[in-house]
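Hi everyone, thanks for coming. Today I'd like to walk you through one structure, slowly and piece by piece. Please have a look at it before I start talking.

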Amino acid sequence: MNQDFGLALTPANARRLLRFQQTFAMVVPEALLDLAMQDSVTEDDFDPFICEYTVTAREITQFLLDCKLRAIIQQNYHPSCSEVYVMNAVRLAKPQQLTIVTNSRQGFWMNLARWCSLDKITEVHTSLSNEVIDRRRSGVLIYNVALYDKGLLHKVVQHYAIEFAQCLVFENSRDFDMLIPWSLWAEALSPTMPNPLYARVVNNVANDWCNIPLHKFAAFYNVCLLPELISEPLIAKMLSDQMLLRQLRRYRLS
Amino acid sequence: MYVEELLLKIPEWLSELDDWHKGFIRSISQQIAADKPLSTRQATVILKLIRQLHDLLIKQGWATEADLASMLHTPQYRHLPYESFSLPKECRYLGNNLLAFRFKAHTPLQEKIKELGTTTTSWFGEPPLTPHLKPRFDWLYKVWIVPVYRFNLQAIIDLIKDEHFNVDGTVSHYLALANRSFNQSSLFSIDETMGVILANVCDHPILAAWITEIAEGIPL
């Protein structure tokens with residue numbers, strides 16, 4: 001209800017807070033604006049032969065880096081955001097190890113790692129044994145498996161998310177009705193946070209929360225859902241609470 | 001005659017009894033039926049009750065004059081009563097929007113504490129979600145830890161008042177502050193010397209959780 005906190009004075013935290021301020025009642029000092037401009041991604045960080053510089057590429061890459069490579073990307077909401085964006089963000093973070101879990105695209109991801117000069121530190125698996133997890137937990141994990149089973153989400157993904165501090169979930173484009181609701185990914189990646197549906201399922205919340213769509217809360221859970229980058233009306237429509245509820249109901253029955 | 005034996009004869013529906021004594025007889029009867037000893041305080045209350053119902057007990061044939069005289073002079077118990085201990089009801093603030101409630105084990109009060117953690121809308125339907133932290137019992141310190149949210153703040157204040165929990169200045173100050181925080185803006189400032197961002201988060205449990213669970217901040 002009322003609590004004081006301290007957090008590190010970093011450009012990443014400044015950017016995150018400024019993003020939240022766009023939606024929620026927060027008073028932030030102007031100095032954070034200057035801080036947010038520091039250490040940011042620039043055009044030089046994009047190799048035109050690997051990942052072409054665009055505003056979307058820059059914003060998404062910045063988001064992933066500010067989340068310290070622990071985030072969820074669903075290509076449905078940002079169709080231009082391909083695996084290349086993800087790999088480029090990883091490249092910029094200069095990790096010591098990269099582990100990719102994918103069920104059918106091992107060759108693709110290995111090639112991508114090669115193009116980004118990350119092949120020497122990359123291993124690609126269809127699933128991870130405890131031995132592999134122990135060996136590689138200090139590095140980055142990219143999880144790119146087409147999931148249809150909510151049970152696996154909690155059993156497998158949550159388990160990996162606990163073991164890897166840097167865990168990127170990348171869900172390729174699919175029919176919106178088949179998409180795993182972003183709130184379920186968020187729960188799996190951040191199980192100690194309040195439920196992402198808090199603003200709707202709790203009786204008595206802050207007055208303005210009733211008018212704030214749920215997707216505006218997604219950034220708190222490191223879900224890469226940046227509405228300012230979505231210009232396609234059909235995709236914008238898919239951000240609605242009703243669409244999320246429809247997806248949740250389907251997964252609840254599955 | 002043992003004191004316990006006589007108590008079991010007294011029906012709880014007796015019109016001479018007030019609600020408190022009816023509840024008392026009900027719970028003590030269960031205790032006796034389970035062959036558990038009475039506490040010294042329970043024994044005192046029973047003897048007082050017997051004194052109060054003296055004539056009725058004889059009239060109903062549940063005890064004779066001699067039984068009662070002997071019992072009130074030198075009460076005999078099936079099991080020697082154990083010494084009662086006193087545990088005052090207390091509430092203290094633990095920080096991080098958490099209150100600790102300490103009280104002697106009492107099922108109805110425990111249920112009231114648990115109810116402080118429930119409030120959901122029908123938006124999602126069944127099964128209901130658990131969107132937030134719930135009250136829990138800490139076995140090490142033997143206290144109930146209750147997270148304070150907007151939706152349970154008034155219920156907490158009412159519980160403290162109705163159940164006469166002893167609170168200190170910190171609890172009073174925190175509850176008053178929480179009450180004033182509804183719909184208020186969270187405030188951020190910078191401490192350049194320490195290199196930290198200071199935050200006062202009001203009425204925003206998700207932002208508060210983001211700071212500690214995602215951004216690696218700490219509560220002050």
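**Salt bridges, a sheet and a few cysteines**

Let me begin with one residue in chain B: B:Glu163 counts as buried, because its relative accessibility is 15%. Before going further, please keep in mind that this is a predicted model.

What does B:Glu163 pair with? Its partner is B:Lys112, and the two form a salt bridge whose closest N and O atoms are 2.8 Å apart. This pair links distant parts of the chain, 51 residues apart: B:Lys112 belongs to helix H6 (residues 107-115) of chain B, while B:Glu163 lies in the loop between helix H7 (153-162) and strand E5 (166-167) of chain B. Is B:Lys112 buried or partly exposed? At 38% relative accessibility, B:Lys112 counts as partly exposed.

Still in chain B, we find another salt bridge, between B:Arg102 and B:Glu90, with 3.5 Å between the closest N and O atoms. Here too the pair links distant parts of the chain, since B:Arg102 sits in strand E2 (residues 98-102) of chain B and B:Glu90 in strand E1 (residues 90-95) of chain B, 12 residues apart. B:Arg102 is partly exposed, at 33% relative accessibility, and B:Glu90 is partly exposed as well, at 24%.

Now over to chain A. The side chains of A:Arg135 and A:Glu131 meet in a salt bridge, at 3.0 Å from N to O. Why are they about one helical turn apart? Because A:Arg135 and A:Glu131 are 4 residues apart in helix H6 (residues 130-136) of chain A. A:Arg135 is partly exposed, with a relative accessible area of 39%, and A:Glu131 is partly exposed at 46%. How many salt bridges are there over all chains? The structure holds 21.

Let's turn to the sheet in chain A. Five strands make an open sheet with parallel pairing, and the order is E3-E7-E6-E4-E5. Which strands stand at the edges? They are E3 and strand E5 (122-125) of chain A; each has a single partner strand, so one side of each is left without a neighbour in the sheet. On average, neighbouring strands of this sheet are turned by 15° against each other, direction ignored.

Let me zoom in on strand E7 (residues 166-171) of chain A. Why call it largely enclosed by the rest of the structure? Because 5 of its 6 residues are buried. Strand E3 (residues 71-74) of chain A pairs with E7(A) in the parallel sense, over 4 bridges. If you want a spot to look at, find A:Ile72, which stands opposite A:Val169 in E7(A). Strand E6 (residues 140-144) of chain A also runs parallel to E7(A), joined by 4 bridges. There, A:Val140 is opposite A:Gln166 in E7(A).

What lies across these strands? Helix H8 (residues 182-189) of chain A lies across E3, E6 and E7 of chain A, and runs at about 160° to E3(A).

Helix H3 (residues 55-66) of chain A has 12 residues, which at 1.5 Å a residue should span 16 Å; the end C-alpha atoms are 16 Å apart, so the two agree. The buried residues of H3(A) include A:Ile60, A:Phe63 and A:Leu64. What covers the buried residues? Among the elements that do so are helix H1 (11-21), E3, helix H4 (83-93) and E7 of chain A. Just after H3(A), A:Lys68 takes a positive phi of about 55°.

I'll finish with the cysteines. A disulfide is a covalent bond between the sulfur atoms of two cysteines. How many disulfides does the structure hold over all chains? It holds 0. Take A:Cys67, which is in no disulfide: the nearest cysteine sulfur belongs to A:Cys224 and is 7.8 Å away. For a disulfide the two sulfur atoms would have to be within 2.5 Å. A:Cys67 counts as buried, at 5% relative accessibility. In chain B, B:Cys91 counts as buried too, at 0%.

How values were computed: Residues are numbered from 1 along each chain as its sequence is written. Chains are lettered from A and ligands numbered from 1 in the order in which they are written. This is a predicted model: local features need pLDDT of at least 70, side-chain atom pairs count only at pLDDT 80 or more; totals for chains, interfaces and linings use all residues. Side-chain values use heavy atoms; hydrogens and water are left out. A salt bridge is a side-chain nitrogen of Lys or Arg within 4 Å of a carboxyl oxygen of Asp or Glu. Helices (H or I, at least four residues) and strands (E, at least two) are DSSP runs, numbered from the N terminus. Buried means under 20% relative accessible area, exposed over 50%, partly exposed in between (1.4 Å probe, protein chains only). Two strands pair if DSSP finds at least two bridges between them. The expected span of a helix is 1.5 Å times one less than its number of residues. Contact means heavy atoms within 4.5 Å. Axes are lines fitted to C-alpha atoms, for helices over the stretch in contact, and angles run from 0 to 180 degrees between N-to-C directions.
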